[in-house]
Amino acid sequence: MALVGTPVPAALKRKRRREALRTLAFLSPWLIGFAVFFAYPLLSTAYFSFMRYDGFSAPTFRGLQNWSYVFTDYPSFWQGLRNTLWLVVVMVALRVAFGLGIGLLITKVKTGAGVFRTLFYLPYLAPPVAATIAFAFLLNPGTGPVNALLGDLGLPTPGWFTDPDWSKPALTMLAMWGIGDLMVIFMAALLDVPKEQYEAAELDGAGPVQKFRFVTIPNISPIVLFAVVTGVIQTMQYYTQAIVAGKVASGVIGGSGQQFEPGYPNGSTWTLPQMVYNLGFQRADYGSACVVALILFVISMAFTSLLLRRKSGLLASED
Amino acid sequence: MTATISLPLTRRDAAVRVARRRAALHWVAVHSLAVAAALFFVLPFVFVFLTSVMTDRQAITADLWPHTWQWDNFVKVWQTDGFLTWWRNTLLYAGLGTVLTVLSSLPVAYALAKFRFRGRNLALMAVISMMMLPPQVIIIPMYLFWAKQLHLTGTLWPLIIPMAFGDAFSIFLLRQFLLTVPKEYIEAARIDGCSEFRTLLKVVVPMAKPAIAAVALFQFFYCWNDYFGPQIYASDNQGAWTLSYGLASFKASHHTNWNLTMAATLLVMAPVIVLFFFAQKAFIEGVTLTGVKG
């Protein structure tokens, strides 16, 4: 800023302009993408949330009626919101805890660590549709191996994906099966904890629990926070597994999904993102669909803003 | 073992023995836990496989082990109407999508990591916001755009074309990696008179190969696994379905037992898992890179 007021030499000016053009050229694919596939549709979603539009006749202004429809008359809005919150709380918490546990376990394994790591990681790669169908088979109450096993042990055999009380726990189990991503992230974080700190703690007479509490946790807490926040954002979008589990378990898998009872069984797997699909593409009520989309947007961005704080390191750069 | 040889134990020996026994117990505890966890992760695959080779009759029972091994279940699935088309569509979507994503995201990531310009932090925040945006938020206007303006619904192009304009997650991951490329290499290339584009191509790309491989894999898997996209844009046209989307309708449309459904499930999982074994290292490095590195 010391240069303010002094004339900028023409050569420097030219150089700066060239650099600006170069930056623009490198950024151009994304700048177009940002405008066409992010900014425009976001504004458009906000616009349509105030309009009545069925995709055929011209949109007409509706004021806040779409909003009041979604909040008061759309039959399953509150149930879907409750389900989404249930998943956000229970699924994310269990996934983070389990991922940390598995990450911890893999750092302790001495023999065959590579094999164990690969085996633990593999389910994460299973395509969600395939994994969900596999679990719908494993947990099917009639002939599924899990209930057969539970029955042999004299334990209760729940209906899993066919029982409203058990469908979300079943989905949670499916999510915990695919823990590979969190395992790898936590493993890296755990191996990054300075060894000297453990040694110092040992000299002070700390046991394993105290070492975990006073050395491990403080060192990895940024990664735990990162896992929780991204987990919440992902779970807000929870869609494919819920829909596929419902379809397979209900036995109705129509191609276009028209006859399928959404949220089967009994609306227990009904989530916010499914409402956008249901309102927009099954009821042709684009306006109300956009209301739900905006709600989803606000919640997701609130959590994203946590990632954008300096401390979390996502914005860190070299200079 | 005779008493004549054994010497009285010193306290040191006793301490060593206790420590050794504790280490052995620890080893046993850790490895038993690991085996238990491995069962949890692997058994689902095993049961799916065992059922996939059962006869139709046996697949409706609660049997766990096949009486006879019906390998031709896989042939039957392969020959199902549409299955081959879904394969082709999936390969097109995933293959082309991956190539476009890498080509369009790399220069953006490079600029965000290595150029200094006003608004860089803002641009990065926008990338992260795009990365975190649930696809359902913008799906209504996007669908109307592709259906009413470009008349491309019923195909996979609405999913492929946007990948030519940068993918937020890929940009972010590449940028995280490019931050670690030492400035000196780039400056040396500049001094040698390389244009920025040549520097990117000749200096940065060879160094960023692991990150590029990770991004390519992630994107390939993303396309392979995508259910929502094909459901929105291609559900009305069976000829444009992908494997993930087709698989979800497999069981009902064939009214068959679990055996063929499980065989189809395995056929959809297999390529992803084979690919993983070929590129395990790049993949795991990529996952680590997505975590925060301050």
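**Reading the model step by step**

Mentor: Begin with burial: of the 294 residues of chain B, 44% count as buried. Keep in mind that this is a predicted model.

Trainee: How far can I trust it? What are the ipTM and pTM of the model?

Mentor: The model scores ipTM 0.89 and pTM 0.90. Then look chain by chain. Chain B has a mean pLDDT of 89, and 94% of its residues reach 70 or more.

Trainee: Where in chain B is confidence lowest, and where is it highest?

Mentor: Lowest is helix 14 (residues 250–254) of chain B, at a mean of 69. Highest is helix 7 (residues 157–160) of chain B, at 97.

Trainee: Next, the fold. How many helices and strands does chain B have?

Mentor: Chain B has 16 helices and zero strands.

Trainee: How do I see whether the chain folds back on itself?

Mentor: Look at how far apart in sequence the contacting residues are. Take contacts in chain B between residues at least 6 apart in sequence: 75% of them join residues at least 24 apart.

Trainee: Which domains is chain B divided into?

Mentor: There are two entries: domain 1 (11–72) and domain 2 (77–290). Their centres, taken over C-alpha atoms, are separated by 34 Å. Eight residues of domain 1 of chain B are in contact with seven residues of domain 2 of chain B.

Trainee: Which elements build the domain 1 side of that contact?

Mentor: Helix 1 (11–52) and helix 2 (56–59) of chain B each give two or more residues to the side of domain 1 that touches domain 2. Helix 1 of chain B gives the most, with four residues. By class, this side of domain 1 of chain B has five nonpolar, two polar and one charged residues.

Trainee: What about nonpolar residues inside the protein?

Mentor: Here is the general idea. In soluble globular proteins, nonpolar side chains tend to be buried together. In this model, the largest nonpolar core has 170 residues. Met183(A), Val292(A), Ala293(A) and Leu174(B) touch the most other members. Helix 4 (residues 83–114) of chain B gives the most to this core, with twelve residues.

Trainee: Why does this core lie between domain 1 and domain 2 of chain B?

Mentor: Because domain 1 (11–72) and domain 2 (77–290) of chain B both give residues to it.

Trainee: Which residues does Met183(A) touch?

Mentor: Leave out residues up to four places away in sequence. Met183(A) then touches Gly99(A), Ile102(A), Gly103(A), Ile106(A), Phe120(A) and Tyr121(A).

Trainee: Let me try single residues. Is Leu100(B) buried or exposed?

Mentor: Count its neighbours. Leu100(B) has 20 C-beta neighbours inside 10 Å, so it counts as buried. It is found in helix 4 of chain B. Beyond four places in sequence, Leu100(B) touches Ile160(B), Met163(B) and Ala164(B).

Trainee: And Thr269(A), buried or exposed?

Mentor: Thr269(A) is buried, because 27 other C-beta atoms lie within 10 Å. Its place is the loop between helix 11 (240–250) and helix 12 (272–282) of chain A. Leaving aside neighbours within four places in sequence, its contacts include Asn83(A), Ser167(A) and Tyr264(A).

Trainee: How many residues of helix 9 of chain A are buried?

Mentor: Zero of the nine residues in helix 9 (residues 195–203) of chain A, so that helix is hardly covered. Just after helix 9 of chain A, Gly205(A) takes a positive phi of about 85°.

Notes: Residues numbered from 1 in each chain as written. Chains lettered and ligands numbered in written order. Predicted model: local features only at pLDDT ≥ 70, side-chain atom pairs only at ≥ 80, totals over all residues. Buried ≥ 20, exposed ≤ 12 C-beta atoms within 10 Å, placed from the backbone. Contact = placed C-beta atoms within 7 Å. Domains from an automatic or database assignment. Nonpolar A, V, L, I, M, F, W, Y, C, P; charged D, E, K, R; others polar. Core = buried A, V, L, I, M, F, W, Y, C linked by C-beta atoms within 7 Å. pLDDT = per-residue confidence, 0-100.
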